[in-house]
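Dear colleague,

Please find the structure below for your study. I would be grateful if you kept it open while reading the notes that come after it.

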Amino acid sequence: MPLTIYNTLSRTKEPFQTLTPNQVKMYCCGVTVYDYCHLGHARSYIVWDSVRRYLQWRGYTVEYVQNFTDIDDKILKRADLEHSSMTAVAEKYTAAYFEDLHRLNVRDADSYPLATGHIQEIQDLVTDLEHKGFAYAVDGDVYFRVRKFAEYGKLSQRHLDDLQAGAGDRVEAADPDQIKKEYPFDFALWKAAKPGEPSWESPWGNGRPGWHIECSAMIQKQLGETIDIHCGGGDLVFPHHENEIAQSECAHDRPLSTYWMHNGMVKLSGEKMSKSLGNFITIRKLLDDYRDGNDHQIDPMTVRLFVLTAQYRKPMDFSDASITAAGQSWQTIKDGLLFGYEFGERLGWADLAPIRSGAISTTTEEVDRFRTAVDDDFNFAEGLVVVFELAKELRKVGNIITHDSEQTVDPNLLRDKWQTLIELAGVLGLEVNPDELKVETTGLSDEAIESLLTERQIARANKDFATSDRIRAQLTEEKIVVIDKAGVPSTWYRS
RNA sequence: GGCAGCAUGGCCAAGUGGUAAGGCAGAGGUCUGCAAAACCUCCAUCCCCAGUUCAAAUCUGGGUGCUGCCUCCA
């Protein structure tokens, strides 16, 4: 079974075929840098990062490009608010983007083009469209002539007639630019400069690019006239992606992208999380300040897991309960991932370094199941089943070793399973730092602990359980786990 | 109002015609002074109605509810 991808264009899953064998050109719509990223952004970029990782794992060479929109009304507004400049605001939030997304283990794109870095390409494209009759200039603005493109609406499956009917009163709203247009749904390719705003010289006078045109220009420059996958949030289908198609396909007379992929929205209390609604949780707030149902901080990997348990196209709800559950699930996977680092030596493994793909001998069954699952339109949730199975198996053995020191599974098999787990989780960007095993030193020395345990042992012998329980509680407070065993002295370890 | 999509146990969620994966949480048991671990057992007929079929959560039709887009938006 080949890899299949749900294509928004056809609204069906299609077998994945690249333009050039084994090579994928992928473009993802990035953020407008005027504020911190929230969970919705996190979902989007975690999903596309995982798609990219998976394609690479499947043997494709992926060229992944993601833009930053660094010229826009909202940035200007923000600059005003922060008594700053457009450039400074854009740079500040671009830096914040990288900080936040790196924490979530989202890998960098191969390039991050900026709108302001492609003014010439944008103007060339607009000029081209103008020559071909798809664009017209009015008072320094340039608009795209939507009715000239017969396929307009093919991505979002809506027709201009419907739009017109649906828009109703809104279109007649007092937008001064509206009256300049030949047709209400024509959209701006280039906007005449307003006083005090950044602008560039152009054939139509001083001005700046419209929003949609930058992506068309940057894709052409960075990846070519036709790419394999264009992805982004589902809220971009209309009008943004629809307009990109119109611009690029009218200019080049060939498809902009073979596949269009869109991720579902993150909801909060049943409503889309968005800046305009004000109901968003930023990534940094979630990671730094939020406490889950168990009063724990949110591990960045928990966020990743949370996102990947949902089918990427479906809307998903963020709630205290769901992020708490994800945190507990992550603990299971984490235990599995740490297994080798913690017990490998005791099991006599020659080498603790994880072996990468190709070297796995006895566990191909798991790898096959994982691949079959994820090949179906990136069904990560289904793939996670295999990850959980492996993790739980290893955790179990780890617990047996910790508690009884008598485990009977073949160490080499365990090693293979562990490496399979590391590989498959890694495909999803779920990784653990072996340093996490280094316990923070508690206030108690080993000697102090032993002494308390002796005291407790005496109390237990005297059936003074109140005292023994108090000592257990005290040790638990210091993150010491005590295990009682029949006939032999109790053991302990730092959790 | 128009367009698109979704509806599975307490929560998340898989399943795309053959008799309900997995995770989290929970219950009972063995063991245990307590705790931990291990092991065993239990926990849904898939929004409603009608239809197609030997067989439907899965297909068709009609309802109901929810969401997104139609304005900046991942």
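The notes below describe a sheet and then the surroundings of an RNA strand.

This is a predicted model, in which local features need pLDDT of at least 70 and side-chain atom pairs count only at pLDDT 80 or more, while totals for chains, interfaces and linings use all residues. Residues are numbered from 1 along each chain as its sequence is written, chains are lettered from A and ligands numbered from 1 in the order in which they are written, and side-chain values use heavy atoms, without hydrogens and water.

An open sheet consists of four parallel strands in the order β4-β3-β9-β10. Strands are DSSP runs (E, at least two residues) and helices likewise (H or I, at least four), numbered from the N terminus; two strands pair if DSSP finds at least two bridges between them. At the edges are β4 (61-66) and β10 (257-263), each pairing on one side only. Strand β3 (residues 23-28) is joined to β9 (residues 227-233) by three bridges, and Y27 has H230 as its bridge partner in β9.

RNA strand B is surrounded by 60 residues, the closest being W211, G233, E382, K396 and D484; a residue counts if one of its heavy atoms lies within 4 Å. Helix α12 (residues 380-403) gives the largest share of this surface, seven residues. Polar contacts are pairs of N or O atoms within 3.5 Å. A polar side-chain atom of K74 lies 2.3 Å from a base oxygen of RNA strand B, and an N or O atom in the side chain of K392 is 2.9 Å from a phosphate oxygen.

Yours sincerely

Notes:
A polar contact is a pair of N or O atoms within 3.5 Å; within protein, one must be able to donate a hydrogen and the other to accept it, and residues adjacent in sequence count only if both atoms are side-chain atoms.
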